[in-house]
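I keep these notes as I look up one thing after another in a structure that is new to me. Each entry records what I looked for and what I found.

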Amino acid sequence: MKLKLIVFTFFFIFMFSCSHKTIDTTKEKQVKQLDSLFKYSFKNDLFNGAVLVTKNNAIVYKKSFGYKNKQTKQNIDENSVFYLASISKQFTAMAILLLKEKGKLSFNSKVEDFFPEYPERLKQITIKQLLNHTSGILDNEYYKLINPSNDDVLKVLLQNTNTKVDANQFFRYSNSGYVLLATIIEKVAQKNIADFFKDEIFTPLQMNNTTAIKDEVNNLTNMAIGYSLTGEKSSYKSSVIGPGGIYSTLNDLYKWNLALNQNTLVTKETLNLAFTNGNLNNGKISLKILGQEFGYGFGWVTQYKNGKKYVNHDGSVDGFRTLIKKNLSDGYDYILLTNHGSKLPMTEIINSIDGILEKNNYQQPKIPVINQILAKVETKDFTGIYTQIYHSIQENKLVYNQRSLNSLGYRYLKQHKLNAAIAVFKLNTKLFPKSANAFDSLAEGYYNNKQYELSKINYLKSLELNPANENAKLMIEKINQL
């Protein structure tokens, strides 16, 4: 009997030891691959920022790359402050969850329960519909506002009586809806939304470098400056809090993620509601792309892939791009913060990280064609934009899309870098030879460069592809009169 016990004990110790060696080897491989991925991405101008990867709350990989201020050459670190943009919606949703657990509202509470004076078209919208983006409220007018405040957005919502609201009919991502949520939070809590975040979330979690209070934002000394696609300081400004408005750091978001995993703020049952796909009248919010199913909970995008469940949310404005993603099945979480947001190929880098964490294997992200163009414009190699880059695309070394190229061309046009703009527009017509818009843009580039014959040729080509292009007709007439 003793011999059997000794053999069993030895076997158990041996297996336990082997198991730990496997775990340690896996982690070492993941760290090595993550480091290789982000060094490659930084070198190729795909990522400039801070990254954190955890497994069951333990840090697997944490590192920062590049400058938070290119002029002063100050490096990004784990306490550099980034604008979170739409990741802020997680905190607005959490504020609702906190008030719900205190019995001060329910998910089925209606707007009229708090604001009986609001227009009829808004009164019957529920908090749950606002959280799920199923309220029917559109953002059309929101995007026309310049540097709006919550009051500005609310004023448009209340005055725009012509807009029909079809609650629970469709999923329509609505920043305006989250402004309305912020307004409800302020009404129920009897305090400013930024103060609510600070008192109920940031301070209890010791997120000491996180704020939505404008005076505090203006006095931040460790702010990462956002840079546009072509390297200028971002001019983005917004005073809207609810859909956005929060500034934070990698370290503080690690504390936020821990609080979610450990149910520090609300119960697990309540938080799971935030991670659950919402419903429409005709079924669940559901979009299927390449074998993956996407939906939306409360401030979180839900995702199902290969039998695993994920939740995530990203934020994006000119200059900043942010992401928090959680693999609820395997316990992996990761956070990305960048101040060169327009250069980040988010989907490709996400796929690479998932490959490393779930398969111990990954493909390096392809370089966006725009990043190659920017490098050649710096050296004034305009011919290279059209020839070398086109060949690289044919060899499947670069990723591209028509809209991004067109936007870059117009950015150069606005900066009066006409040769660069023309080269980008010309490349776009080569890649998308059936796009009337691509030829229209190239024609505009030539027109601004006073190359009127070439401008006319391309307007005619655009008109051939789209006979309804009234702008092309007007410009051809204008050129003929020169």
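I began with glutamate 101, which counts as partly exposed at 35% relative accessibility; in these notes buried means under 20% relative accessible area, exposed over 50%, and partly exposed in between, with a 1.4 Å probe and protein chains only. Glutamate 101 lies in helix H2, where helices (H or I, at least four residues) and strands (E, at least two) are DSSP runs numbered from the N terminus. Leaving aside neighbours within four places in sequence, I found glutamate 101 in contact with Leu265, Val266, Thr267 and Thr270, contact meaning heavy atoms within 4.5 Å. I also looked up lysine 187, which is 86 residues from glutamate 101 along the chain, and the C-alpha atoms of the two are separated by 17 Å.

Before going on I noted the ground rules: this is a predicted model, in which local features need pLDDT of at least 70 and side-chain atom pairs count only at pLDDT 80 or more, while totals for chains, interfaces and linings use all residues. Residues are numbered from 1 along each chain as its sequence is written, and side-chain values use heavy atoms, with hydrogens and water left out.

Next I turned to the nonpolar cores, a core being a set of buried Ala, Val, Leu, Ile, Met, Phe, Trp, Tyr and Cys residues joined through side-chain atoms within 4.5 Å. The largest has 77 residues, and those with the most contacts inside it are Phe91, Met94, Leu131, Phe197, Ile201 and Trp256. A second, separate core of 29 residues includes Leu374, Leu408, Leu413 and Leu427. Going back to leucine 131, I listed its contacts beyond four places in sequence, among them Ala93, Phe107, Tyr178, Leu181 and Phe298.

On a 1 Å grid over the protein atoms alone, a cavity is a set of points where a 1.4 Å probe fits but cannot get out, a pocket is an open set with protein on both sides within 12 Å along at least five of seven lines, and lining residues have an atom within 4 Å of a point. Grid points are joined across faces, edges and corners, and a volume is the space filled by probe spheres set on the points.

How many cavities of 30 Å³ or more does the structure hold? I found three, and the largest cavity has about 50 Å³ of space. Its lining includes Tyr310, Lys325, Asn327, Asp354 and Glu358, and strand S13 (320-327), strand S14 (332-338) and helix H12 (346-359) each give two or more residues. By class that lining has four nonpolar, one polar and four charged residues, where Ala, Val, Leu, Ile, Met, Phe, Trp, Tyr, Cys and Pro count as nonpolar, Asp, Glu, Lys and Arg as charged, and the others, Gly among them, as polar.

The second largest cavity has a volume of about 40 Å³, and its lining divides into nine nonpolar, one polar and no charged residues. H2 gives the most to this lining, with four residues. Met94 and Trp256 are among the lining residues, and I had already met both in the largest core.

The second largest pocket holds about 530 Å³ of space. Of the 20 residues that line this pocket, the closest to its centre are Val217, Met223, Tyr236, Lys237 and Tyr247. Helix H9 (residues 214-218) gives the most to the lining, with three residues, and the classes are 10 nonpolar, seven polar and three charged.

My next entry is helix H18 (residues 436-448), whose 13 residues reach 19 Å from first C-alpha to last, close to the 18 Å expected, the expected span being 1.5 Å times one less than the number of residues. Because 10 of the 13 residues are buried, H18 is largely enclosed by the rest of the structure. The buried residues pack against helix H16 (402-414), helix H17 (418-431), helix H19 (452-465) and helix H20 (470-480). H18 is followed by lysine 450, whose phi is positive, near 60°.

Most residues other than glycine have a negative phi. Asparagine 56 is exposed, with a relative accessible area of 54%.
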